[in-house]
Amino acid sequence: MKLPTLDDIDCDGKSVLVRLDINVPIKDSKIIDTTRLESHIPTLKELESSKVVILAHQSRPGKRDFTTLKAHADILSKLLGKEVKYIDEIFSSRVIKEIRSLEIGEVLLLENVRFYSEERLERSAEEHATCHMVQRLKGNFDVFVNDAFSACHRPHASLIGFVPVLPSVVGRLVEKETKALSKVFDSEGKKVFILGGVKMDDAVRVLKNVLRNNIAEKVILMGVVANYFLMLSGFDVGDLNKKVVEENKGKVNDEDIVKIIKEFGDKIVLPKDVAVDVEGVRVDVPLDEFDGKHLIKDIGVETISMLSKEIPKYDVAVINGPAGVFEDERFTLGTLEVLKAVSKAKYSVVGGGHIATAARMFGLDKEMDHVSTAGGACIRFLSGEKLVALEVIKEYWEKKWKWELK
């Protein structure tokens with residue numbers, strides 16, 4: 001994907017509006033994982049000769065962690081080694097005054113953009129460009145930089161509304177993510193996709209794309225996703241596990257999956273055994289001995305052994321979703337060993353969300369070629385879907401900004 005980047009525009013001495021995704025896990029009112037904040041530092045460092053204003057969000061209305069960005073500003077200040085100012089408003093007269101008073105090298109973080117009700121409306125870039133936030137802020141900036149890869153699948157005002165009215169490029173994180181994920185499809189050699197976790201919609205999206213387009217040689221399934229496919233293959237997973245599957249099916253259709261199994265069954269790898277919780281103890285059970293009375297919480301040791309030998313044979317290995325309840329030390333084995341196997345492939349990619357958390361928890365993130373910061377956006381990219389915020393930037397660069405900047 002060819003996108004305009006910071007290499008295509010001169011930001012020195014200019015006022016730059018930067019959209020970041022610093023939406024982070026918060027527990028007891030404290031930020032407990034700073035990975036996303038850290039991921040944006042290269043872009044912010046590169047803009048040290050500019051006046052920088054940041055737009056970002058945290059969670060969404062109705063959630064417990066829907067809060068202000070004061071703590072985010074404090075952490076960004078430590079990571080950048082200089083003060084990141086914070087103002088608890090988005091486009092008031094007070095905000096405009098603060099923006100206009102910025103000196104070169106200063107950074108200002110505006111309030112959680114989702115406090116603005118029109119932010120999350122699904123509109124076109126042109127429609128969003130007419131909203132109050134864009135109209136109030138646009139005249140104070142020379143450039144818009146989108147570095148919020150994790151949110152680029154959303155047609156929200158702060159992501160696409162500034163593109164028609166300001167010269168727009170992507171930041172270094174977006175550039176890094178799109179290059180790394182594009183390499184999954186563009187590189188030569190044998191490819192394996194390992195899909196786990198509980199999000200059926202996500203796994204099926206990727207599975208359909210990589211099998212129907214002959215991208216993957218094999219797709220390995222784990223977690224609740226694997227349990228669902230086992231069910232539709234005629235295996236009785238028991239009422240407890242059926243309930244978990246049904247709770248996480250989303251819009252996935254049984255008949256659709258049955259067709260996929262019939263068409264691509266030889267390319268889909270399912271567990272040979274599972275690990276269950278029996279009165280607080282991990283017990284590994286072959287499928288033909290499983291009575292369905294206990295919750296499946298991991299793939300079994302035989303499956304782990306098979307995958308540990310098989311996955312490193314591939315040129316490209318992509319993993320999205322854990323093998324089981326890795327947060328419980330009794331059931332970490334599957335996720336841990338599969339991640340180790342993925343790291344041994346010639347090119348290894350870890351999707352965002354829980355599996356990225358697991359890779360960091362086990363200290364394996366540094367062993368991978370790429371660990372995505374994104375959940376939904378990464379899934380959509382791997383599913384072959386276009387990310388609206390990136391498409392809008394590409395469109396306007398080609399038809400407007402690259403010509404006007406010459």
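**Ground rules.** I number residues from 1 along each chain as its sequence is written, and side-chain values use heavy atoms, with hydrogens and water left out. Because the model is predicted, local features need pLDDT of at least 70 and side-chain atom pairs count only at pLDDT 80 or more, while totals for chains, interfaces and linings use all residues. I take helices (H or I, at least four residues) and strands (E, at least two) as DSSP runs, numbered from the N terminus.

**Entry 1: strand 7.** I started with strand 7, residues 143-146, and found both of its faces covered. Val-143 and Val-145 are buried on one side, and Phe-144 and Asn-146 are buried on the other. Buried means under 20% relative accessible area, exposed means over 50%, and partly exposed lies in between (1.4 Å probe, protein chains only). Next I looked up the partners of strand 7. Strands pair if DSSP finds at least two bridges between them. Strand 1 (residues 15-19) pairs with strand 7 in the parallel sense over four bridges. In that pairing, Arg-19 stands opposite Asn-146. Strand 8 also pairs with strand 7 in the parallel sense, over three bridges. There I found Val-170 of strand 8 opposite Asn-146.

**Entry 2: His-40.** I located His-40 in the loop between helix 1 (35-39) and helix 2 (41-46). Its relative accessibility is 1%, so I log His-40 as buried. The side chain of His-40 reaches the backbone oxygen of Asp-21 at 3.1 Å. I then listed contacts, meaning heavy atoms within 4.5 Å. Not counting residues up to four places away in sequence, His-40 touches Leu-20, Asp-21, Ile-22, Asp-147, Ala-148 and Leu-173.

**Entry 3: Leu-166.** I found Leu-166 in the loop between helix 7 (157-160) and strand 8 (168-170). Leu-166 is buried at 4% relative accessibility. Leaving aside neighbours within four places in sequence, its contacts are Lys-138, Phe-141, Asp-142, Phe-144 and Trp-401. I also checked Leu-166 against Val-145: they are 21 residues apart in sequence and 9.5 Å apart in space, C-alpha to C-alpha.

Entry 4: Thr-68 is partly exposed, with a relative accessible area of 33%. Ser-59 is buried, at 8%. Leaving aside neighbours within four places in sequence, Thr-68 is in contact with Tyr-86, Glu-111 and Phe-115. Thr-68 and Phe-115 lie 47 residues apart in sequence and 8.8 Å apart in space, C-alpha to C-alpha.

**Entry 5: positive phi.** Most residues other than glycine have a negative phi. I noted Ser-59, with a positive phi near 60°. Asp-28 has a positive phi as well, near 50°. I placed Asp-28 in the loop between strand 2 (26-27) and strand 3 (30-31). Asp-28 is exposed, at 70% relative accessibility.

**Entry 6: helix 10 and its partners.** I fitted axes as lines to C-alpha atoms, for helices over the stretch in contact, with angles from 0 to 180 degrees between N-to-C directions. The axes of helix 10 (residues 223-232) and helix 12 (residues 254-264) come within 10 Å and cross at roughly 80°. I therefore call helix 10 and helix 12 roughly perpendicular, the label for 65 to 115 degrees. Tyr-228, Phe-229 and Leu-232 of helix 10 meet Asp-254, Ile-257, Val-258 and Ile-261 of helix 12.

The axes of helix 10 and helix 11 (residues 239-247) also come within 10 Å, crossing at roughly 110°. That makes helix 10 roughly perpendicular to helix 11. Here Val-224, Asn-227, Tyr-228 and Met-231 of helix 10 meet Asn-241, Lys-242, Val-244, Val-245 and Glu-246 of helix 11.

Entry 7: Which strands form the open sheet, and in what order? I read six strands in the order 11-10-9-15-16-17, with parallel pairing. Strand 11 (268-269) and strand 17 (370-371) are the edge strands, each pairing on one side only. Val-349 stands opposite His-370 of strand 17.

Key
Polar contact = N/O pair within 3.5 Å; in protein donor to acceptor, adjacent residues only side chain to side chain. Parallel < 35°, antiparallel > 145°, perpendicular 65-115°, else oblique.
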